[in-house]
Amino acid sequence: MAVIPVEIASRPYEVRVGAGLLADLAQNCSGRLRKRGVPIVTDANVHAAWGSLVERNLRENGHEPQWRILPPGEQTKSWAELAATVDWLLSLEVERGDHVIALGGGVIGDLTGFCAAVLKRGCHFIQVPTTLLAQVDSSVGGKTAINTPAGKNLVGAFHQPSLVLADLSVLETLPRRDLLAGYAEVVKYGLIDDPAFFDWCDENASRMLSGDRDLREYAVAHSVASKARIVAEDEFETTGRRALLNLGHTFGHALEAETGFSDRLLHGEGVALGMVLAARYSARRDLMPHGDAERVERHVAEVGLPASLAALRLRCDGDALVQHMLHDKKMDAGTLPFLLMKGIGRTYLDRQVSLDDVARFLDEELAREPA
Ligand SMILES: NC(=O)c1ccc[n+]([C@@H]2O[C@H](COP(=O)([O-])OP(=O)(O)OC[C@H]3O[C@@H](n4cnc5c(N)ncnc54)[C@H](O)[C@@H]3O)[C@@H](O)[C@H]2O)c1
Ligand SMILES: O=C(O)C(=O)C[C@@H](O)[C@H](O)[C@H](O)COP(=O)(O)O
Ligand SMILES: [Zn+2]
């Protein structure tokens, strides 16, 4: 098992990565489960695959799981589910010192974390991420949120978990499409500031995605360590350092909004395509070598993630996508800083980007035949 510390001064915690953590959930949470009842928020797919294992372990250790089983999918990050889940926690008389468990992917983690942030002005929560995406990204760092009709993650809070348990065994039941979507956030760390990790991804992604346990442990632990380092430097995204984790997300979130936060484009798929677009836009402006941008696009396409905007067959133009971007949380005094690249592993925040220019670039990309 790997243990990665998240060294946030006000509230340090650890991320444990290894196989079999869920089968020992009560032991892994020891000292944190103060009462017989343990509130667990999950979704129907995760409950079907892993609920009985959790149920057995908690009961064997004198606890009674209190399940809230939500519909799977992005639509669950909503006002309605937030209100209903907070009311449910209140009905259980959860106290500030209690821990709520988020057992699921990023949707469950983001929603449950936000419920924990607002319940009685903040109670504890434990992240038990069950997707690759949640293990390498969303369970760490304390961003919690729901979506609104205006856009992605527009209502939320920074609220750190007390513990993260990333059990590699649970990835065995994850559908291939969701596994790939999570991989986008893995390779993102290479593109941000770690070219050696991008090389590792280029060499090992295929075997890692096919199930090699050692490679998976390395990918998850290395990704978590990257995220922990960046978050510890800039917990509240005020210096620009944490904004690097948003690479590909300005394009990606706009595409998610345009496709109605639906199964048409998963978050990780939007991020993958968004990183290709950030690379291609950077190369178009001669900020990044064209060869590097081609390498990014080739890698994304080779693993099986979306790498072409035209292939999405959207019925909109570049201006419509830029309209979505105006809701981006990085907006600052009417300008939108963009994560661009000077090369692989050389991402930076560019505050001089013209949104008109981005719209024209997107028009070209929408019309460009897939390679
Ligand atoms: N807070 C953050 O820092 C952060 C970071 C990245 C992404 N996110 C958010 O995370 C969300 C995406 O997360 P996701 O990709 O995990 O999606 P998800 O939570 O929707 O899970 C994907 C699918 O996999 C199923 N599933 C989950 N675990 C499973 C398992 N072990 N076996 C079988 N099926 C399983 C789910 O039911 C769902 O259908 C987005 O809303 C995104 O905005 C947040
Ligand atoms: O933790 C962060 O910071 C990130 O940006 C990680 C992203 O992968 C994640 O999708 C995040 O929720 C996006 O943040 P947002 O502030 O653009 O909603
Ligand atoms: Zn993301």
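H6 and H8 are oblique to each other. This is a predicted model.

**Exercise 1. Classify the packing of H6 against H8, and list the residues that make the contact.**

*Step 1.* Take the geometry. Helix H6 spans residues 176-193 and helix H8 spans residues 213-233. Their axes lie 10 Å apart, at an angle of about 55 degrees.

*Step 2.* Apply the cut-offs. Roughly parallel needs an angle under 35 degrees, and roughly perpendicular runs from 65 to 115. The angle of about 55 degrees therefore makes the pair oblique.

*Step 3.* H6 and H8 cross in a left-handed sense.

*Step 4.* List the contact. H6 supplies Leu179, Val186, Tyr189, Ile192 and Asp193. H8 supplies Arg216, Ala219, Ser223, Ser226, Lys227, Arg229 and Ile230.

*Step 5.* Sort by class. The contact of H6 with H8 has six nonpolar, two polar and four charged residues.

**Exercise 2. Which residues coordinate the zinc ion (ligand 3), and at what distances?**

*Step 1.* Name the donors. They are Glu185 (OE), His249 (NE2) and His267 (NE2), at 2.0 to 2.2 Å.

*Step 2.* Read the spacing along the chain. The donors follow E-x63-H-x17-H.

*Step 3.* Glu185 lies in H6, and His267 lies in helix H10 (residues 267-284). The pair therefore ties together parts that are 82 residues apart in sequence.

*Step 4.* Check burial. The cut-off for buried is under 20% relative accessible area. Glu185 has 1%, so Glu185 is buried. His267 has 17%, so His267 is buried too.

**Exercise 3. Describe the surroundings of Ile69.**

*Step 1.* Ile69 is part of strand E4 (residues 64-70).

*Step 2.* Ile69 has 41% relative accessibility, so Ile69 is partly exposed.

*Step 3.* Set aside neighbours within four places in sequence. Ile69 then contacts Thr42, Asp43, Ala44 and His47.

*Step 4.* Compare chain and space. Ile69 and Glu81 are twelve residues apart along the chain, and their C-alpha atoms are separated by 11 Å.

Notes
Residues are numbered from 1 along each chain as its sequence is written. Chains are lettered from A and ligands numbered from 1 in the order in which they are written. This is a predicted model: local features need pLDDT of at least 70, side-chain atom pairs count only at pLDDT 80 or more; totals for chains, interfaces and linings use all residues. Side-chain values use heavy atoms; hydrogens and water are left out. Axes are lines fitted to C-alpha atoms, for helices over the stretch in contact, and angles run from 0 to 180 degrees between N-to-C directions. Helices (H or I, at least four residues) and strands (E, at least two) are DSSP runs, numbered from the N terminus. Angles under 35 degrees count as roughly parallel, over 145 as roughly antiparallel, 65 to 115 as roughly perpendicular and the rest as oblique. A crossing is left-handed if the near helix is turned anticlockwise from the far one by less than a right angle, and right-handed if clockwise. Contact means heavy atoms within 4.5 Å. Ala, Val, Leu, Ile, Met, Phe, Trp, Tyr, Cys and Pro count as nonpolar, Asp, Glu, Lys and Arg as charged, and the others, Gly among them, as polar. Donors are N, O and S atoms within 2.8 Å of the metal (3.2 Å for Na, K and Ca); water is not among the atoms, so sites may look incomplete. Buried means under 20% relative accessible area, exposed over 50%, partly exposed in between (1.4 Å probe, protein chains only).
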